[in-house]
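Welcome! Take a look at the structure below, and then we will walk through it together.

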Amino acid sequence: MGEYILNAIVNLLDIEVILFIIVGVILGIIVGAIPGLGAVIGITLLIPITFYMDPTVGLCMLGAFYCGAVYGGSITAILINIPGTSSNIATCWDGYPMAKKGLGGKALGISTIGSFYGGIFSSFALLFIAPTLAVFALRFGPSERFLLAILGLTVIVTLTSDSLLKGLMSGFFGLFLSTIGFDKVGGSFRYTFGIISLYDGIPLVPAIMGLYALTQAIILIDEGRQHIVNKNEKIYVKDSILPTIEDFKKIWFTLLIRSPIIGTIIGIIPGAGTEIAAFIGYSEAKRSSKHPEDFGKGSMEGLASAESANNAVVGGSLIPLLTLGIPGNAVTAVFLGGLMIHGLIPGPELFTKHGSITYTLMLSLFLANIFMLVFGLVGAKTFAKVAYIPSSILSPVIIVFATLGSYSLRNNMFDVFIMCTFSLLGITMYKLNFPRAPILLALILGPIAEVELGRMISIYGNNLFHLFLRPISFILIILIIISLIYPFLKTRKNK
Amino acid sequence: MNKNNIIISFVLIVFSVLAYIETYSFRVPTSKIFPRTVLITLFFLAISLIFVTIKNYKNAEIRIVRDKSINSRLLFYVFSGIFLYISAIVYLGFYLTTYIFMIIMMFFLGIRNILKLLLVSSLSLFIIYSIFSIIINVQTPKGIFF
């Protein structure tokens, strides 16, 4: 581990890496601040660009972008009461009232510092927990890896969908799509209909582009608003951006300890995410506050709790992703796509064979958070202006980037048509309230599940009883069952 | 009753049956196991959605989740535009087609200021050219002109 960390530090001193981390943070803040876009769309559009970079540089940029995007949404949430991303909804509750009171600068400062601490805390958690979990993952055989892929799928299905049935249908349809192409287990071509471009299966990047980027561009057009944000919305910033020591005394526990812990833990739990972290961080801060009556009226504690918690999700959500290949949310599912195109398969190998890249990515998050702090404190007011870019400009730009991004990986126009097909699918799913994340995850996890199932059958035959005799497999089966019955328990509790 | 749920369920039922029949053409038996398992499950999930939708319709207490409305005419125009754009790239090349597409698309979406149309399209192309062709040296689709 020590050797990898030293290597990572050397990598991080490379000017190219630093430069792309800065670019990632700035782009992340900009995209995060534009309502209607967000980390998923941004990372989707960046993946083809990172494909042509050195994996270390590309992944550091994606990590930096993720940090910046989660923070960026807080700027518009505070200044114009419009959260850039859904993870910043709780930020509006106290950030905007503060801005209206003439404390917009202080609100931005607290939000930036809160995001910074949350990010740094979760980066430490990632650095210390992930390698240990990866060593544990070495004990996994084909049956465990198969069950892990199924667990990843069921967890994201049950926790990201309003309807379990629709989530499962989306997941199974994705699993079907993952069977298209050359079968690595049996050795035959499936559902290719003689189309050579389909022999390698559905290309991942065009599928992501279609499901997220192009679909979002069309949704923006359909919403029919010339401006996502009304130009008459005023930006209130008159005061100093740095909070005073007195302010810190009121919020230090929430900012530095409670919310980062909540955010990191929620980040580790697959299927949760930045929104839930912000809400829980906020409600916990309110529950234990000496002045809960101030919450929703411009409480610094409320603002700090939401922002510190949502940024702490970033490092936390990368723990199950890098060690077990389970993405915690849609952003990490797309991030997984970014790893896969570089041939990096999550698991123990990521911490041994590709240790230099992985540790550089983990350490780069510290650097990204530092840059985020600097750019946030210096330029938050300027970043807020990007929210005024009209959707009539934004949508064509996204369409063009998505088209070129889909084409560029294989220099194949067929991939662009795949993107369009997936966009049609994405729009249909959006209209009918089907979640899109399971289909994407199934495309990634489907082939892994099938290959491991094939290995399992060749070792143990058709006797599935052995799964219950292996302790890790048994625990994974229990977790899969829990994740499937969780929505019913939740519904019963709500009643 | 949510008719869309019923329609999509029927579509998926027909789809899973057809895809299942196609598995008979796979030469290696082990290649059939995974897709067949997935398709059978999808088939039953689609049937379940029909039953749940009908049950929810009868049970007035259950909240009806409305589907999001999308302007289908607009969707048709946008998709036709995107399809034309992609088809034209092969003949006219990426940069020229993109320039024309951006101007037409922005005009269609309500921007009437010609200077703004030209400026935004040119700037976007400049950024794309700088990133893809100069910084990461990616090949863009070529047409008759360039």
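## How buried is chain B?

In this predicted model, chain B has 146 residues, of which 23% count as buried. As for the confidence of the prediction, the average pLDDT of chain B is 86, and 90% of the residues score at least 70. For the complex, the predictor reports an ipTM of 0.91, together with a pTM of 0.81.

## Helices and domains of chain B

Which elements will you meet as you follow the chain? There are 5 helices and 0 strands in chain B, so to read this chain along its sequence is to read α-α-α-α-α by the definition of these elements.

Chain B is also split into two parts: domain 1 covers 3-58, and domain 2 covers 72-135. Between the C-alpha centres of these two domains of chain B there are 39 Å. Now consider the contacts in chain B with a separation of 6 or more: 64% of them join residues 24 or more positions apart.

## Where chain B touches chain A

How many residues of chain B are in contact with chain A? The count is 51 residues of chain B, which are in contact with 47 residues of chain A. On the chain B side, at least two residues come from each of α1 (3-22), α2 (30-58), α3 (72-92), α4 (94-108) and α5 (114-135). The helix that gives the most to this side is α2(B), with 13 residues.

What kinds of residues make up the side of chain B that touches chain A? It divides into 36 nonpolar, 11 polar and 4 charged residues.

## The largest nonpolar core

The largest nonpolar core of the model holds 198 residues. Those with the most contacts inside this core are A:Ile21, A:Ile43, A:Tyr66, A:Cys67, A:Met169, A:Ile208 and B:Leu42. Helix α5 of chain A, residues 89-137, brings the largest share of the core, 20 residues. Chain B takes part as well: domain 1 (3-58) and domain 2 (72-135) of chain B each contribute at least three residues to this core.

To see one of these residues up close, find A:Ile21, which is among those with the most contacts inside the core. Which residues does A:Ile21 contact, leaving aside its neighbours within four places in sequence? They are A:Cys60, A:Met61, A:Ala64, A:Ser364, A:Leu367, A:Ala368 and A:Phe371.

Note on methods: Residues numbered from 1 in each chain as written. Chains lettered and ligands numbered in written order. Predicted model: local features only at pLDDT ≥ 70, side-chain atom pairs only at ≥ 80, totals over all residues. Helix = DSSP H or I, 4+ residues; strand = E, 2+ residues; numbered from the N terminus. Buried ≥ 20, exposed ≤ 12 C-beta atoms within 10 Å, placed from the backbone. Contact = placed C-beta atoms within 7 Å. Domains from an automatic or database assignment. Core = buried A, V, L, I, M, F, W, Y, C linked by C-beta atoms within 7 Å. Nonpolar A, V, L, I, M, F, W, Y, C, P; charged D, E, K, R; others polar. pLDDT = per-residue confidence, 0-100.
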